[in-house]
Amino acid sequence: MSQKGFTLWFTGLSGAGKTTLARLVEKELKQRGHKVEVLDGDIVRTNLSKGLGFSKEDRDTNIRRIGFVCDLLARNDVVAIAAAISPYREIRDEIRRITTAPFIEAYVECPLDVLVERDVKGLYKRALAGEIKNFTGVDDPYEAPGSPEVLVNSSTETPEDSAGKIINRLVELRLVQAALEAALSEDEDSVVRARLEALGYV
Amino acid sequence: MGLFDRFKSKAAKRAVIIGLDGTPYTLVRRFIEDGTMPRLAELAGRGSLLQMDTSVPDISSVAWTSFMTGANPGRHGIYGFLDLQPNSYKIFFPNSKHIRSATLWDAVGKTGKRSVVINVPSTYPAQPLNGTLIAGFVAVDINKATYPQELVPELKRRDYRIDVDARRVQESHDALMDEILTTLDRRIKTLLWLYDSQQWDLYIGVVTETDRLQHFFMDAIFDEQHKYYSAFKDFYSKVDRFVGEIASRLRDETMILMSDHGFTKIEQQVYLNRWLVEHGFLKLKENARSIEDIAAGSLAFALDPGRIYINTKERFPDGIVDKADSSKILAEIKVGMSEITAGGASIVKRLYERDELFAGDCIDSAPDLCIQSVYGYDLKGAVNKTQLMDREVFTGMHTQDDSTCFINASADEIREGKPHITDIAPTVLAAMGIEQPPGMDGRSLFRNSGN
């Protein structure tokens with residue numbers, strides 16, 4: 001079966017778990033036969049968007065570039081996964097409007113106090129100390145999506161739970177096929193077989 | 001009421017679909033004429049009763065999926081009750097999660113309208129919708145068959161049965177008939193209860209017992225001396241009373257009564273894999289039970305009912321046929337199978353190559369060839385047979401060109417051309433004033449509709 005491309009766009013505060021989830025979803029989709037590319041915000045800023053800063057204008061340019069590449073990939077039947085803070089709603093909605101392939105927004109929610117506590121990259125500490133300026137959630141705004149296709153919460157869910165939730169939503173949206181093995185349990189399978197046998201279909 | 005309001009109310013009507021699984025158009029005509037189905041006769045007098053084509057293959061999983069999506073299997077991806085996993089001979093049973101097209105009730109739900117969908121085959125496990133759904137064949141667990149879950153206790157209290165247990169035929173035909181009648185009674189009670197108690201804009205209720213009756217008792221209705229002749233007619237009288245119950249509830253809804261395929265008597269079951277073995281196309285391991293036991297060196301194999309697959313290198317793990325040779329093998333099989341005869345006549349009505357039947361994103365999992373037999377010769381995919389033809393416990397087989405389609409609209413409102421099962425969804429959307437979404441292959445039966 002040919003697989004269709006789409007853009008899966010993770011948005012959320014720094015450290016919320018966008019990259020972790022992008023990689024988990026990538027792995028699962030590859031196992032189901034999809035071609036997948038992840039555009040990670042941190043990595044993109046070292047090449048595609050090298051030299052851009054964190055002003056609103058630069059942030060918007062960064063997101064437009066990621067959105068552009070995602071759409072190029074998606075319309076060639078690749079699943080393009082973007083993992084970037086993308087704090088401004090307007091620009092995310094612009095990407096949604098102009099992309100030609102389906103655009104799925106996944107909001108990775110996590111309360112700021114949990115993130116400060118977690119502070120995996122040590123950035124919140126520095127931002128709160130004033131060493132980093134324009135840090136989203138500290139002295140730069142974050143505009144949460146109004147109605148994302150899928151909402152996960154990394155303070156209450158395990159990464160595996162969240163990834164599972166995202167995959168299920170993609171199945172619901174008919175962008176991804178249900179796992180063949182997991183669709184019915186073995187017991188159910190044998191009942192189905194018996195019923196079909198009784199009518200001569202197996 | 002002004003002209004505009006009249007138009008508006010007409011264009012945005014509610015709709016009712018009653019499905020009678022496997023009920024042939026010709027049988028309905030006969031029962032209307034001989035007085036077995038007086039209520040349906042009365043209803044038919046107020047609308048158009050038509051003969052309809054269904055999908056190829058003409059089995060319920062494919063046909064009902066084509067009904068609910070308005071699409072061909074090349075789009076929706078369901079080609080049979082069983083299929084093979086990608087790049088494998090391993091069998092799996094497709095379910096609702098494998099359907100790759102949106103459904104009629106998805107389109108209705110998008111406009112904020114509610115659907116009640118009861119006992120449509122191939123909807124298991126139940127998927128969320130704006131409304132209520134109880135999955136039909138092959139649903140296993142009532143909890144997974146029902147959306148929303150809150151309905152389950154009441155269904156249990158009412159002893160709702162998802163399906164006839166056809167294995168009761170091993171006990172006796174009397175036991176099976178009793179099973180069919182009991183299940184029908186409970187089905188009808190539940191169908192009417194939900195019709196009356198739920199809020200809906202689109203109601204779909206399917207009776208499956210018609211199909212089960214006909215699989216095991218089809219010979220009875222062609223023989224007045226048959227032990228079950230009157231039981232068969234009594235069964236359809238019950239169905240007629242149910243149709244009457246629905247008809248009496250109609251206000252200004254558009255009503256469609258339809259079947260997913262027809263039925264006829266079986267003369268012989270024909271085992272296509274046996275033919276492929278005998279003619280050197282297929283090699284099986286010893287004591288093979290299913291196509292999973294295919295042996296090395298095979299050129300082609302069959303899956304139920306008449307699906308033929310060329311064992312190509314690019315598609316199957318032990319494939320031996322080069323892509324370039326595929327059409328040659330296909331041609332040999334077409335010629336050879338056309339020459340399968342019984343009583344001096346070919347049992348094959350038509351052979352369709354893949355692209356004659358299917359188009360869409362799921363084309364890669366389509367069979368390479370679909371064979372349609374003449375009435376009486378039921379094509380099967382069994383691999384454990386030692387002769388080409390035989391009789392089994394079944395006395396009825398499906399037909400592709402004799403489905404039932406009644407719509408409560410006069411002949412001059414209906415367009416030319418024989419209806420196809422994929423036309424039902426666009427017709428219902430047109431009646432409800434909803435635009436037909438892209439991805440539906442059928443077209444509305446109404447002469448004047450956008451769809």
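This is a predicted model: local features need pLDDT of at least 70, side-chain atom pairs count only at pLDDT 80 or more; totals for chains, interfaces and linings use all residues.

Reader: At what angle do helix 1 and helix 7 of chain A pack?

Author: Two packed helices are described by the angle between their axes and the distance between the axes. Axes are lines fitted to C-alpha atoms, for helices over the stretch in contact, and angles run from 0 to 180 degrees between N-to-C directions. Helices are DSSP runs (H or I, at least four residues), numbered from the N terminus. In chain A, helix 1 (residues 18-31) and helix 7 (residues 159-172) pack at about 55°, their axes lying 9 Å apart. That makes helix 1 of chain A oblique to helix 7 of chain A (under 35 degrees is roughly parallel, over 145 roughly antiparallel, 65 to 115 roughly perpendicular, the rest oblique).

Reader: Which residues of helix 1 and helix 7 of chain A make the contact?

Author: Contact means heavy atoms within 4.5 Å. Helix 1 of chain A contributes Thr20(A), Leu21(A), Leu24(A), Val25(A), Glu28(A) and Leu29(A), and helix 7 of chain A contributes Pro159(A), Glu160(A), Ser162(A), Ala163(A), Ile166(A) and Ile167(A).

Reader: How are helix 10 and helix 11 of chain B oriented to each other?

Author: Helix 10 (residues 209-217) and helix 11 (residues 229-249) of chain B pack at about 170°, with axes 11 Å apart. Helix 10 of chain B and helix 11 of chain B are therefore roughly antiparallel.

Reader: How much area do chain A and chain B bury between them?

Author: The size of an interface is often given as the accessible area lost when the parts come together. Here chain A and chain B bury about 3,200 Å², 59% of it on carbon and sulfur atoms (accessible area lost, 1.4 Å probe, summed over both parts). Arg174(A), Leu199(A) and Tyr201(A) supply 25% of the area that chain A buries against chain B, more than any other three residues. Arg174(A) also forms a salt bridge with Asp106(B), the closest N and O atoms being 3.3 Å apart (the rule asks for a side-chain nitrogen of Lys or Arg within 4 Å of a carboxyl oxygen of Asp or Glu).

Reader: Where is Leu52(A) found?

Author: Leu52(A) is in the loop between helix 2 (41-44) and helix 3 (56-74) of chain A.

Conventions:
Residues are numbered from 1 along each chain as its sequence is written. Chains are lettered from A and ligands numbered from 1 in the order in which they are written. Side-chain values use heavy atoms; hydrogens and water are left out. Helices (H or I, at least four residues) and strands (E, at least two) are DSSP runs, numbered from the N terminus. Buried area is the accessible area (1.4 Å probe) that two parts lose on being put together, summed over both.
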